[in-house]
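Dear colleague,

Please find below the structure that I am handing over to you. My notes on it follow, and I would ask you to read them with the model open.

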2 protein chains.
Amino acid sequence: MLSINTLHQTFELYLKENKIVKNPQTLYNPFNYIMSIGGKRMRPLLTLLACQLFDENIKQALPAALSVEVFHNFSLVHDDIMDEALLRRGHITVHEKYGLNSAILSGDAMLIYSYDMLQQTPNKSIIGEMVNILGKVAIKVCEGQQYDIDFESGSNISLDAYLKMIEMKTAVLLAGSLELGALAGGASFEDRKHLSEFGRLTGLAFQIQDDYLDTFGDPSKFGKRIGGDIAQNKKTCLYIKALELADTETKTQLLSLYNTSGNEEHKIKTVTMIFRRLAIPDFIKHLRNDYQQKAYQQLELVNAPAEAKALIKNLAASLLVREL
Amino acid sequence: MLSINTLHQTFELYLKENKIVKNPQTLYNPFNYIMSIGGKRMRPLLTLLACQLFDENIKQALPAALSVEVFHNFSLVHDDIMDEALLRRGHITVHEKYGLNSAILSGDAMLIYSYDMLQQTPNKSIIGEMVNILGKVAIKVCEGQQYDIDFESGSNISLDAYLKMIEMKTAVLLAGSLELGALAGGASFEDRKHLSEFGRLTGLAFQIQDDYLDTFGDPSKFGKRIGGDIAQNKKTCLYIKALELADTETKTQLLSLYNTSGNEEHKIKTVTMIFRRLAIPDFIKHLRNDYQQKAYQQLELVNAPAEAKALIKNLAASLLVREL
């Protein structure tokens, strides 16, 4: 069984070997740039770990691992344009570095390559199904991104709609990464579905946690400034749930706070107080823990060696902090 | 055998039946808008005509026909952003109508759907090869678009490089449309390659003709203003060949004319005169005719009924005017 570290190194080597050295460089430089600035490689690791549950020879899963990483980076390049983001992983974004047109076009090329890379899977008989899985995931990711954009300017978003959005935008790609790896490893249909569900539920738990920590995280551990989402009027699950629970007066107060750009410190403090008064932290903690628990239950159901499953659980646990 | 008109109607009906009625509408409205404003449906018609050469039941080719049309429209949506185009087929462009973000994202969705639609092919055993063909075409189209962008700001472009660019940007999709149709119809490998070559050469002949007609076309027949490319300093094959043939003095004059924005009428007249003096019209006419003739030779080699081949030749002839 290969450790997470070994799998990570194996993936980085495969990525390097499959770097696109081709003209026009104006198309492939942005492509190689975004792929080279790293990230945690969470999705390809999930693909390789899922394969390893059923087959220790992970070669069948390497093309799919590269595919999901390239797809993920395509979505980052185009999302960063839409969000007018200046930085990604501490580096200048593709559209800021190479211009809008190159960012659009190299993103397109990455999306196309994410399909093309699946063709390198040694077992040709499963490529068709892999393409199908990637396609279903890809459509949902686009739809999720559109819902996210729509929600920013919309009102009266329900918590269910918000959870559906983060599921599509983030969780389905984690689910797909695991499903592709399981398929490459020769898993049964049932085990593929359990792993896919594990990925979906873990993704939801992680995104909910992300919202929680932005307001209620430990400042000494949380990488970003506490309260950033509130300062930016971001419609997180905390805010949406608070609007659902608030009485008319509190609702008016919240809406007004999210509509004005006044003293930020005061705003963060007031909104946090409202959240606490409505018992939002407890609700959100329970929501995350519930998804996390259900995710682990799905992993339990997978028919594979316990020590290989433990590696996947460890990787998920590195995303999901123990105590909220 | 189905006529071009019947095939056109069959395609429009299939397109209507497969219209995406789904949320979020903000994603699918731009998608359906660009698909609905028409165009000549040249690529899906080539797919259906190529299928019909080998199998009169064109059902196997309808998903691929839709796929190439959706792919083509994806490329238009993203190209129009890059060109800052206001109009497409006489209608307002997607990014002008729906905004930049929706144009990027709905373009992405169209690219994904162009793969997904192939999955509807009744003969499941050929879907893998179809995905492969679409992928190879798609990468070349992106590369061609990047070369086009690069050429606009570059100097010293050779005619060969220009021809390679238009081949990738335009001709390979015509080639792929025919190859997908032939595959759906059960053609031999050789016939698929002949048809693909026919498409590639026809695409080149058409693009070269397009450059020619913009300067030397009959004003009463040519839809656009004569000399528009010269007025916009477009590096057409006429201009590139002229720079290759010109002596130092004429070259300096041409470069200077393409670098200044003076009297447009005078500029168009002077450049056209230089082109004539260098015998560019004859050279370009021969170049186009040569590609056209080679294209028809490839079609001749296809082992299929003459009357079915005549339909494809007719469609190509509707693109390629008899006399330049």
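Is A:Ala279 buried or exposed? A:Ala279 is exposed, because 12 other C-beta atoms lie within 10 Å. Here a residue is buried if 20 or more other C-beta atoms lie within 10 Å of its own, exposed if 12 or fewer, and partly exposed in between, with C-beta atoms placed from the backbone.

Please note that this is a predicted model, in which local features need pLDDT of at least 70 and side-chain atom pairs count only at pLDDT 80 or more, while totals for chains, interfaces and linings use all residues. Residues are numbered from 1 along each chain as its sequence is written, and chains are lettered from A and ligands numbered from 1 in the order in which they are written.

Chain A as a whole

Chain A contains 15 helices and 2 strands. These are DSSP runs numbered from the N terminus, with helices (H or I) of at least four residues and strands (E) of at least two. The radius of gyration of chain A is 21 Å, close to the 20 Å that the globule rule gives for 324 residues, so chain A is as compact as a globular protein of that length. That radius is taken over C-alpha atoms, and the globule rule is 2.2 Å times the number of residues to the power 0.38. Along the principal axes, the C-alpha atoms of chain A fill a box of roughly 60 × 45 × 35 Å. Of the 324 residues in chain A, 48% are buried.

Contacts are used throughout these notes: two residues are in contact if their C-beta atoms, placed from the backbone, lie within 7 Å. Among contacts in chain A between residues at least 6 apart in sequence, 74% join residues at least 24 apart.

The two domains of chain A

Chain A is divided into domain 1 (1-154) and domain 2 (188-324), with bounds that come from an automatic or database domain assignment. The C-alpha centres of domain 1 and domain 2 of chain A are 25 Å apart. Between them, 10 residues of domain 1 of chain A are in contact with 12 residues of domain 2 of chain A. On the domain 1 side, the largest share, 5 residues, comes from helix H3 (residues 42-52) of chain A. By class, that side of domain 1 has 9 nonpolar, 1 polar and no charged residues. For these classes, Ala, Val, Leu, Ile, Met, Phe, Trp, Tyr, Cys and Pro count as nonpolar, Asp, Glu, Lys and Arg as charged, and the others, Gly among them, as polar.

Individual residues

A:Ala279 lies in the loop between helix H13 (264-277) and H14 of chain A. Its phi is near 60°, a positive value in a residue other than glycine. B:Arg89 also has a positive phi, of about 50°, although it is not a glycine. B:Arg89 is in the loop between strand E1 (87-88) and strand E2 (91-92) of chain B.

A cis peptide bond joins A:Asn23 and A:Pro24, with omega about -5°.

B:Gly185 is in helix H8 (residues 159-185) of chain B. B:Gly185 counts as buried because it has 26 C-beta neighbours inside 10 Å.

With kind regards
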